[in-house]
Amino acid sequence: MKKSVALALAAAMSLSVAGTALANNPFSDVPQGHWAYDAVAQLEKDGLVTGYGDGTYRGDRAMSRYEMATVVAQLDDASGENAELINKLRSEFATELYNLGVRVDKLEKNASTIKFSGDGWIRYQSGGIAPLMSFKDNPNQREGKRWQSRIRINMNATINEKVKFLGRVKYQANTARTNPNNRDPAYSYTQDTFMDRAEIVWTNGTFQGRFGRIAPMIGQGLIWGNKSTDGVLLGYKTKKWDIFGGVLDYRPQDPPHGDSTSALPAAASKNATVVNVGYKFSDKFGLTAAYSNGHKSEAGTRDEAYPFELMAFGFSAQLGKDWKLNGEYIKNDSKWAVGRDGSKQDSGYWTRLTWKNANMAKPGTYSIFVEYMDLEAYAIDSATYGHMLNLSAGNGFNPTQYNGTGAAGAKGYGVVATYVVAKNINMQLMYHDLKPTDKVIKDAYGDYRNVYQFYTNFRF
């Protein structure tokens with residue numbers, strides 16, 4: 001049904017649009033002989049105006065901006081000579097439409113295609129896991145500590161009906177960091193602001209392709225847990241199946257820390273072939289299988305013996321309304337996954353039981369989870385699992401593990417509590433009690449110091 005813009009604007013100078021209309025004679029206070037009778041009747045017929053609950057039109061009063069916004073919301077897509085006028089009206093009344101909770105697809109189509117959001121955190125860390133690694137019985141080490149803050153600006157843009165863009169800019173600062181291995185004063189540095197994500201997602205039916213700087217989740221996250229890296233993934237995705245594979249840069253590195261560049265090792269690029277197979281038996285239970293192979297590098301380089309060739313098998317289960325259980329077993333088939341005593345240090349598992357759901361949109365909600373891990377020294381490449389384990393750790397729980405020198409693994413439990421203090425703000429308390437799996441290290445230095453972390457997370 002055609003809805004004339006000229007007709008709508010002519011009548012809108014003196015109309016009101018709240019309430020319900022009478023079926024046959026729409027408005028009792030607009031006489032049939034009135035000059036605007038035909039225009040008002042047509043507007044009511046086209047659904048542009050509905051009048052008041054008492055069946056009146058009240059044409060002797062000026063309409064409010066909210067009432068005019070409701071008219072604008074009903075206009076069809078603009079074309080021809082009316083296009084510019086309608087687009088201006090949609091922009092003018094955008095705030096009123098939002099406040100009224102009116103979804104206007106026409107307005108969204110003519111707005112900017114890039115949508116911005118943000119997130120961030122402030123956290124304090126103290127304890128005995130890399131890069132703050134220290135042991136309870138090592139007299140040459142002190143407790144590692146640091147404050148950190150991070151801000152990320154997220155971008156989401158629809159290029160066309162099949163292609164979208166996902167972007168993210170990241171800034172991070174590190175304050176009052178103490179080195180467990182020496183008595184030097186605490187130091188601070190900032191990380192250069194950079195493009196943390198720049199991903200193109202192409203979806204065509206059940207086919208999905210992702211390329212650029214992407215942030216994939218592989219399996220339950222022990223192989224790769226939303227860590228940004230460069231790569232290409234192609235896959236098949238339905239409500240039940242999630243199958244994909246491709247190539248990733250297995251050694252993703254953030255840019256140098258502006259005023260502390262010398263503190264970072266040289267970036268070491270490492271291509272890896274990855275495959276993920278996920279299947280949901282129902283909305284409450286699913287299984288995953290994943291594989292990643294960081295191929296051997298050029299002979300004589302530091303990464304020649306990069307010791308990760310991983311397979312992982314995991315599950316996720318919703319246990320009633322408030323309980324969730326997930327976990328993953330992982331194994332490293334590399335010949336380099338050997339501990340200091342010559343024994344294999346190549347496998348492990350992790351499981352997490354979560355109670356309740358801390359919803360950032362609902363103040364007062366909370367969650368608590370308990371997790372247990374038994375990860376041998378070369379079971380995981382912890383540079384790539386992101387924050388799946390809520391621990392900041394280097395490869396194999398030690399950043400100096402190359403060629404079998406340094407990895408010690410981790411075994412123990414953690415408790416994490418999250419509480420939403422206000423809309424879009426939560427606080428987290430984390431505690432982990434861990435010990436090395438490598439027997440030589442454990443006998444020499446005992447367990448790790450306990451790990452304490454406090455987060456304030458927010459989004460905007």
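**Figure 1. Overall view of the predicted model.** The protein has 460 residues, of which 45% count as buried. Its secondary structure consists of 7 helices and 18 strands. Among contacts with a separation of 6 or more, 61% are made by residues 24 or more positions apart.

**Figure 2. Pairing of strands S1 and S2.** Strand S1 covers residues 114-127 and strand S2 covers residues 144-158. The two strands run antiparallel and are joined by 14 bridges. Within this pairing, Arg 150 of S2 is the residue opposite Trp 121.

**Figure 3. The hairpin between strands S2 and S3.** S2 also pairs with strand S3, residues 163-178, in an antiparallel arrangement with 13 bridges. The hairpin passes from S2 to S3 through 4 residues. Asn 156 has Leu 166, in S3, as its bridge partner.

**Figure 4. Nonpolar cores of the protein.** The largest nonpolar core comprises 30 residues, and those touching the most other members are Ile 218, Ile 223, Ile 330, Leu 375 and Leu 389. Two or more residues of this core are given by each of strand S9 (241-249), strand S12 (309-319) and strand S15 (366-375). Another core, of 5 residues, lies apart from the largest one. Phe 369, Val 416, Met 430 and Tyr 455 are among the members of this other core.

Definitions and conventions: Residues are numbered from 1 along each chain as its sequence is written. This is a predicted model: local features need pLDDT of at least 70, side-chain atom pairs count only at pLDDT 80 or more; totals for chains, interfaces and linings use all residues. Side-chain values use heavy atoms; hydrogens and water are left out. Two strands pair if DSSP finds at least two bridges between them. A nonpolar core is a set of buried Ala, Val, Leu, Ile, Met, Phe, Trp, Tyr and Cys residues joined through side-chain atoms within 4.5 Å. Buried means under 20% relative accessible area, exposed over 50%, partly exposed in between (1.4 Å probe, protein chains only). Contact means heavy atoms within 4.5 Å.
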